[in-house]
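Have the structure open as you read.

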Amino acid sequence: MALIAWVAVILIAVAVLVAVALAVLYLRRSVLQREGGFDMCMRVGSQQGWAGGWVFGIGRYRGEQLEWFRTFSFAPRPKRSFRRGELAVNSRRVPDSEEDYELPAGHVVLGCAVGPTTVEVSMTEPASTAFLAWLEAAPPGGHLVR
């Protein structure tokens, strides 16, 4: 009987830990979205092709920076950060048939160059309009190398 009690205690402890972890992820996402965050998936390319698949995340503008946080992470800092002056949009397209299953419905894909790196981001139509407006709203001369 004591063994069954210990197993029950361990199962309850594991369930509580899982519930706390899910609550922390939910609170983190809520805080990021309250601070102007928006859903934004990303994948990074290399010279040989795409280094990995689409990763779900939250984008947030901070002055001259676009910060990107992974959705399923406890990290308080962004996973990637892009300066407005280093980011250029090269293409815009709808997701292909395979990406339709990977990306949220209604997302468009923007191909971007960040120096020598290629990055594709996926976001809703209104978020992509805001993203392009943010890029174009750079201060005069902001694109010049200093």
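Let's start at Ser128, which sits in helix α3 (residues 125–136). Keep in mind that this is a predicted model. From there we'll look at the core, then the strands, and finish with the chain as a whole.

- Is Ser128 buried or exposed? Ser128 counts as buried because its relative accessible area is 1%, and the cut-off for buried is under 20%.
- The side chain of Ser128 gets to 2.7 Å from the backbone oxygen of Glu125.
- Setting aside residues up to four places away in sequence, Ser128 is in touch with Arg92, Val108, Leu110 and Met123.
- Ser128 and Met40 are 88 residues apart along the chain, yet 9.5 Å separates their C-alpha atoms.

**The nonpolar core**

- The largest nonpolar core has 18 residues, and the ones touching the most other members are Met40, Met42, Leu66, Leu87, Val121, Met123 and Phe131.
- At least two core residues come from each of β2 (41–46), β5 (65–70), β8 (107–114), β9 (117–124) and α3.
- Which element gives the most to this core? That's α3, with four residues.
- Met123, one of those core residues, also shows up on the contact list of Ser128.
- Beyond its neighbours within four places in sequence, Met123 contacts Phe38, Asp39, Met40, Gly106, His107, Val108, Leu110, Ser128 and Phe131.
- As background, nonpolar side chains tend to be buried together in soluble globular proteins.

- An open sheet is built from four strands in the order β1-β4-β5-β6, with antiparallel pairing.
- The edges are β1 (38–39) and β6 (80–83), each of which pairs on one side only.
- Two bridges link β1 to strand β4 (residues 57–62), again in the antiparallel sense.
- If you want to find that pairing by residue, look for Asp39, whose bridge partner in β4 is Ile58.
- α3 packs on the sheet and touches β1, β4, β5 and β6, with its direction at about 35 degrees to that of β4.
- Helix α1 (residues 2–34) lies across β1, β4 and β5, and runs at about 35 degrees to β4.

**Arg60, a charged residue name to look up in β4**

- Arg60 is located in strand β4.
- Arg60 is buried, since its relative accessible area is 9% and the cut-off is under 20%.
- What does the side chain of Arg60 make a polar contact with? Its partner is the side chain of Glu67, at 2.7 Å.
- With residues up to four places away in sequence left out, Arg60 touches Leu32, Glu35, Gly37, Phe38, Gln65, Leu66, Glu67 and Phe69.

- How many of the residues of β8 are buried? Eight of its eight are, so β8 is mostly covered.
- Both faces of β8 are covered: one side has His107, Val109, Gly111 and Ala113, the other has Val108, Leu110, Cys112 and Val114, and all are buried.
- Strand β7 (residues 87–93) runs antiparallel to β8 and is joined to it by six bridges.
- Arg93 is the residue standing opposite Val109 in β8.
- β8 also pairs with β9, antiparallel, over eight bridges.
- In that pairing, Ala113 has Thr118 in β9 as its bridge partner.
- β8 and β9 make a hairpin with two residues between them, and Gly115 in the turn has a positive phi of about 60 degrees.

**Val24 in α1**

- Val24 lies in helix α1 and is partly exposed, with a relative accessible area of 38%.
- Val24 and Phe74 are 50 residues apart in sequence, while their C-alpha atoms are 7.6 Å apart in space.

**The whole chain**

- There are three helices and nine strands in the chain, following the pattern α-β-β-β-β-β-β-β-α-β-β-α along the sequence.
- Of its 146 residues, 32% count as buried.
- Among contacts with a separation of 6 or more, 44% are between residues 24 or more positions apart.
- The chain exposes about 9,500 Å², and 64% of that comes from carbon and sulfur atoms.

Methods
Residues numbered from 1 in each chain as written. Predicted model: local features only at pLDDT ≥ 70, side-chain atom pairs only at ≥ 80, totals over all residues. Heavy atoms only, no water. Buried < 20%, exposed > 50% of the residue type's maximum accessible area, 1.4 Å probe, protein only. Contact = heavy atoms within 4.5 Å. Polar contact = N/O pair within 3.5 Å; in protein donor to acceptor, adjacent residues only side chain to side chain. Core = buried A, V, L, I, M, F, W, Y, C linked by side-chain atoms within 4.5 Å. Pairing = 2+ DSSP bridges. Axes fitted to C-alpha atoms, helices over the stretch in contact; angles between N-to-C directions. Areas by Shrake-Rupley, 256 points an atom, 1.4 Å probe, with all protein chains shown as cover.
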